[in-house]
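Colleague: I have some questions about the terms used for this model. Please set each value against its cut-off.

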Amino acid sequence: MATSQPKVPAPPGPIAPVKQPGGGGGGEVLLERVPQKVKPPQMHQVVMLNDDYTPMEFVVVVIQEFFGKDRESATQIMLKIHLDGKGVCGVYTRDVAHTKVEQVLDAARQAGHPLQCVSEPVD
């Protein structure tokens with residue numbers, strides 16, 4: 001009765017063949033794991049734009065509700081939007097930023113306000 005060695009599953013990730021040092025004449029090849037280079041996801045900032053029609057109090061409530069800011073921080077962001085024409089409400093991954101923009105636009109639309117919100121890549 002012949003016994004066979006159990007198969008060892010391949011390790012995760014790319015593997016590159018490496019010749020065995022010492023020149024062992026058997027032509028054996030060792031496998032070496034090659035580290036993957038993974039970049040972190042690009043971040044996006046959610047920016048609200050100023051308009052002359054959306055009430056400031058509504059903007060403060062939206063910032064508190066969708067961006068988790070306290071009343072004082074939300075008021076500071078609203079004032080920046082009012083004075084500079086735009087203000088950053090938060091920085092997130094692309095998908096989360098897109099969802100935040102959609103939530104803000106939906107809330108503004110339901111309340112009948114023309115508030116605009118966009119997502120921009122962070123440099």
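Colleague: What separates aspartate 84 and lysine 80 in helix H2?

Modeller: About one helical turn, because they lie 4 residues apart in helix H2. Helices here are DSSP runs (H or I, at least four residues), numbered from the N terminus. This is a predicted model; local features need pLDDT of at least 70, side-chain atom pairs count only at pLDDT 80 or more, and totals for chains, interfaces and linings use all residues. Residues are numbered from 1 along each chain as its sequence is written, and side-chain values use heavy atoms, without hydrogens and water.

Colleague: What makes aspartate 84 and lysine 80 a salt bridge?

Modeller: The definition asks for a side-chain nitrogen of Lys or Arg within 4 Å of a carboxyl oxygen of Asp or Glu. Their N to O distance is 2.6 Å, so the pair qualifies.

Colleague: Why is aspartate 84 called exposed, but lysine 80 partly exposed?

Modeller: Exposed means over 50% relative accessible area, buried under 20%, partly exposed in between (1.4 Å probe, protein chains only). Aspartate 84 has 51%, so it is exposed. Lysine 80 has 44%, so it is partly exposed.

Colleague: How do you know that arginine 109 and aspartate 106 form a salt bridge?

Modeller: Their closest N and O atoms are 3.7 Å apart, and the pair counts as a salt bridge. They are 3 residues apart in helix H3, about one helical turn.

Notes. Helix = DSSP H or I, 4+ residues; strand = E, 2+ residues; numbered from the N terminus.
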